There are 2 protein chains.
Amino acid sequence: MAAKQDPEALAAARPLLTDLYQVTMALGYWRAGRAHDPAEFELFFRQCPFGGSFALAAGLRDCVRFLRAFRLRDADVQFLASVLPPDTDPAFFQHLRALDSSGVTVRALPEGSLAFPGVPLLQVSGPLLLVQLLETPLLCLVSYASLVATNAARLRLIAGPEKRLLDLGLRRAQGPDGGLTASTYSYLGGFDGSSNVLAGQLRGVPVVGTLAHSFVTSFSGTEVPPDPMLAPAAGQGPRVDLTTCVEAWLERVCAHLGLGVQDPHPGERAAFVAYALAFPRAFQGLLDTYSVRRSGLPNFLAVALALGELGYQAVGVRLDSGDLLQQAQEIRGLFRTTAAQFQMPWLESVPIAVSNNIDEEELARLAQEGSEVNVIGIGTSMVTCPRQPSLGCVYKLVSVGGQPRMKLTEDPDKQTLPGSKAAFRLLGSDGSLLLDVLQLAEEPPPQAGQELRIWPRGARESCLVRPAQLCKPLPSLAESRAFAQLSLSRLSPAHRRLEQPALYQVALSEKLQALVHRLRAGASL
Amino acid sequence: MAAKQDPEALAAARPLLTDLYQVTMALGYWRAGRAHDPAEFELFFRQCPFGGSFALAAGLRDCVRFLRAFRLRDADVQFLASVLPPDTDPAFFQHLRALDSSGVTVRALPEGSLAFPGVPLLQVSGPLLLVQLLETPLLCLVSYASLVATNAARLRLIAGPEKRLLDLGLRRAQGPDGGLTASTYSYLGGFDGSSNVLAGQLRGVPVVGTLAHSFVTSFSGTEVPPDPMLAPAAGQGPRVDLTTCVEAWLERVCAHLGLGVQDPHPGERAAFVAYALAFPRAFQGLLDTYSVRRSGLPNFLAVALALGELGYQAVGVRLDSGDLLQQAQEIRGLFRTTAAQFQMPWLESVPIAVSNNIDEEELARLAQEGSEVNVIGIGTSMVTCPRQPSLGCVYKLVSVGGQPRMKLTEDPDKQTLPGSKAAFRLLGSDGSLLLDVLQLAEEPPPQAGQELRIWPRGARESCLVRPAQLCKPLPSLAESRAFAQLSLSRLSPAHRRLEQPALYQVALSEKLQALVHRLRAGASL
């Protein structure tokens with residue numbers, strides 16, 4: 001019922017957005033009389049993405065939204081009945097119909113936290129049948145959100161704090177809410193905004209956008225605007241005909257740039273004038289529809305200077321092809337000479353925005369010392385995370401009926417850590433990260449200043465640590481993004497290297513290590 | 001209003017799932033008095049994905065669903081008003097509120113068609129402001145659907161026609177309907193089914209699934225099933241206690257395999273019994289939770305043989321780690337000796353299913369001559385398309401007010417083909433593909449058997465072709481998948497090579513070539 005009242009919940013995950021084996025296992029549990037056995041699962045990843053040393057946790061708010069609305073409708077249960085054996089006990093379907101998440105407890109890393117391999121992002125406990133059913137939707141909601149937030153954080157580290165980074169990836173996403181997820185969590189990871197309007201409406205992400213080549217090519221120059229008149233920015237004085245004013249400025253600009261007044265494309269100029277009439281306070285030119293030097297730039301300057309005469313300042317130019325860095329240098333130079341020539345000093349610092357298949361390497365180039373690029377739009381590499389398009393999170397049973405459980409497969413990388421656990425992040429006296437400790441839920445928490453015996457994961461010997469502080473998770477809401485930046489500031493230089501990962505240490509407590517040993521020995525009997 | 005009545009439409013794209021610049025351009029068009037100018041856009045890609053020679057068109061039904069429901073609600077328009085200039089004319093928002101897709105015409109390649117660079121997947125015509133607004137959602141709906149269908153078709157070509165291919169990618173998708181899209185269009189591209197229940201419910205994709213490691217590890221062996229009794233498959237004869245029966249078979253199986261009866265994990269066996277009680281006609285074992293040879297396989301055989309005695313035949317085993325090909329060979333060998341030993345001949349051919357990060361290379365290995373693998377589940381490489389995670393479709397204005405439009409950027413790869421066009425696929429006398437011809441909409445269509453002068457794209461000279469047949473698009477519904485297989489059968493061996501692309505030829509008609517020349521010349525004046 002809840003789902004029907006919340007269009008956002010409907011638009012996101014639904015209970016049947018799950019793998020069929022969750023349902024067949026549910027029937028198995030039910031038939032074995034174990035539907036209500038108390039169980040706990042952990043959701044974690046095994047390796048930091050992109051060959052780096054960290055990840056950012058994200059997706060929790062989508063999980064909470066999904067769980068609040070979790071309810072199988074009649075149509076859902078009917079569909080399940082159609083794919084399960086025809087002689088399945090009807091009481092099983094009644095059980096499904098009555099499920100909701102009221103008996104489920106989720107403990108989680110706050111969104112924007114640093115996350116490391118093996119340390120749970122979510123710990124989900126509740127009735128075995130139900131928490132099993134939740135596996136796939138929770139994985140689906142957490143994995144990509146965390147991946148894309150981490151991707152954004154990497155791109156932010158490469159770009160440095162000054163550049164404006166914009167997500168333009170919606171059209172390259174895996175369908176509608178792939179795009180919504182990417183826009184939301186790239187913002188969390190450190191981007192400044194997104195082109196995705198729905199992310200603005202539903203999630204409050206700042207949205208940005210101006211014009212595309214189609215707008216420019218749609219004008220031939222013969223169009224007559226129904227109202228070409230524009231009032232001065234201050235509101236004082238008579239309205240002027242912007243078209244006429246732009247044509248006058250074009251002559252002066254072409255003379256300054258050494259171009260013929262016929263060179264700039266009249267359709268492009270008409271498009272710029274139309275855009276300026278609609279957005280006099282936010283005029284931006286897209287320069288590369290025909291020729292940047294011979295057309296886009298003089299047309300932009302003519303419109304920007306005509307607006308400038310009326311007291312408006314253009315807000316930017318955009319380039320979408322060619323050598324972006326080099327063109328930005330040239331354009332900045334021409335902005336400077338033009339600003340001086342016509343005594344419009346604000347023109348010097350009009351932001352230059354670039355886009356066009358920008359990846360980590362190209363971003364590093366665009367962000368180099370002396371670059372005149374101010375705004376960088378990233379689409380495909382933001383949303384598809386091409387270096388590693390999946391985080392590969394898993395959701396593993398760690399306890400059932402109060403008893404620890406462990407998967408002991410012959411592939412040691414796929415072994416799990418048993419038992420209901422608590423994770424603590426230990427900090428040094430300067431606030432830097434020491435390591436994460438996993439211990440059994442029943443163990444007393446570590447104390448600042450007290451020595452602790454731990455087992456680094458995979459090590460054969462224990463060691464002692466003495467944390468100066470423990471990391472206190474913040475309550476996570478709109479502050480998640482600020483929290484992510486705070487989280488990232490704790491990374492050591494070694495962990496900020498994006499190419500040669502320095503593994504962050506995750507360690508086990510004495511008791512947890514002993515439990516692992518016990519279960520390993522028991523299974524090898 | 002339509003959207004409110006169709007939960008599926010709500011779950012998919014909404015009008016605000018668009019880039020903000022579509023909205024700012026809409027205001028620009030409106031302010032320029034051009035909202036109603038008749039316009040046409042083409043949606044196409046510039047390069048075949050994955051370094052191959054073809055793509056499959058897909059996503060059209062999602063576009064149609066989106067267009068049917070297209071309507072900005074009051075809340076949508078209010079949000080747009082909040083991000084546009086505060087002095088925007090209220091009449092613009094009234095215009096937006098009244099928009100629907102009744103004036104929009106879409107011509108499209110049927111889903112499952114082969115698609116080639118530059119040949120439009122969609123041709124969208126209607127009022128300029130509106131068809132501009134549709135750009136991002138249509139790109140979002142077509143690009144990934146076509147990419148994933150193409151990916152599935154490649155994987156099918158590698159696997160050959162016999163292997164069952166299953167999509168398991170939901171948890172690796174970019175959020176909820178990334179997964180839904182992947183499951184739907186991997187089926188279109190040639191997969192046999194998906195684990196994604198929602199794809200079954202909403203799209204009719206066959207769904208598959210049995211059990212995971214968590215089910216196995218949730219049992220310790222001390223659990224007592226509330227009802228361990230099972231009736232024979234034929235319904236005749238007394239019910240028997242399956243647990244007891246399995247323990248008896250375990251001794252015989254262990255003796256045959258040379259194992260101690262203590263070797264197989266009792267919890268794993270209890271899980272298999274629980275699953276068999278729920279699914280006696282569809283029992284499948286997941287073999288690698290503890291040890292395939294020492295535990296998973298003997299436990300599976302004990303349960304399968306106990307079921308066999310009652311007239312039930314197990315439907316499969318699954319492996320999720322280790323060397324899948326080699327283990328499948330060993331398991332098939334043991335199935336054969338066990339089938340002979342206990343005179344259960346059906347056991348020989350129990351399907352062996354495998355999963356675990358299978359990519360194109362591993363698939364080729366699993367599909368090699370003599371492989372005993374029957375069913376292959378692919379998750380990450382199916383859904384993320386790691387070789388090329390985005391198709392990079394574009395949506396370009398080709399005509400406005402009846403006048404052709406062309407983007408003439410200095411980057412020749414980004415130039416567009418002007419004018420409202422028609423595309424024809426020419427076939428040889430054996431039904432094989434010759435090439436695609438793009439011509440202006442006003443030109444008479446090519447005729448089978450008649451010579452035609454064409455300009456291969458990028459060529460400096462024209463040439464003559466004489467098609468034996470023209471490709472007739474089928475009406476596309478549930479037949480799209482069959483159509484995709486038919487489409488793929490037309491590919492020449494050169495175009496089926498997945499690594500060294502042989503470029504399929506796309507050619508322009510004389511008139512279109514002449515128009516390109518004219519516009520190029522005009523812009524360089």
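Predicted model: local features only at pLDDT ≥ 70, side-chain atom pairs only at ≥ 80, totals over all residues.
A crossing of two helices is right-handed if the near helix is turned clockwise from the far one by less than a right angle, and left-handed if it is turned anticlockwise.

Chain A comes first. Chain A contains 20 helices and 21 strands. Of its 525 residues, 62% count as buried. Contacts in chain A between residues at least 6 apart in sequence can be sorted by separation: 73% of them join residues at least 24 apart.

Within chain A, consider helix 9, which covers residues 176-188. At 1.5 Å a residue, its 13 residues should span 18 Å, and the end C-alpha atoms are 19 Å apart, which agrees. Helix 9 of chain A is mostly covered, with twelve of its 13 residues buried. Here, buried means under 20% relative accessible area. After helix 9 of chain A comes Gly190(A), which has a positive phi, near 130°.

Helix 9 of chain A also packs against helix 9 of chain B, at an angle of about 150° and with the axes 6 Å apart. Angles over 145 degrees count as roughly antiparallel, so helix 9 of chain A is roughly antiparallel to helix 9 of chain B. The crossing of these two helices is left-handed. On the chain A side, the residues that meet the partner are Pro176(A), Asp177(A) and Gly178(A); on the chain B side they are Pro176(B), Asp177(B) and Gly178(B).

Helix 9 of chain B has another partner, inside its own chain. Helix 8 of chain B, residues 135-159, packs against helix 9 of chain B, residues 176-188, at an angle of about 45°, with their axes 8 Å apart. Because of that angle, helix 8 of chain B is oblique to helix 9 of chain B. Their crossing is right-handed. Helix 8 of chain B contributes Tyr144(B), Ala145(B), Val148(B), Ala149(B) and Ala152(B) to the contact. An α-helix has 3.6 residues a turn, so residues three or four places apart point the same way. From helix 9 of chain B, the contact residues are Gly178(B), Thr181(B), Ala182(B), Tyr185(B), Ser186(B) and Leu188(B). By class, the contact between helix 8 and helix 9 of chain B has eight nonpolar, three polar and no charged residues.

Conventions:
Residues numbered from 1 in each chain as written. Chains lettered and ligands numbered in written order. Heavy atoms only, no water. Axes fitted to C-alpha atoms, helices over the stretch in contact; angles between N-to-C directions. Helix = DSSP H or I, 4+ residues; strand = E, 2+ residues; numbered from the N terminus. Parallel < 35°, antiparallel > 145°, perpendicular 65-115°, else oblique. Contact = heavy atoms within 4.5 Å. Nonpolar A, V, L, I, M, F, W, Y, C, P; charged D, E, K, R; others polar. Expected span 1.5 Å × (residues − 1). Buried < 20%, exposed > 50% of the residue type's maximum accessible area, 1.4 Å probe, protein only.
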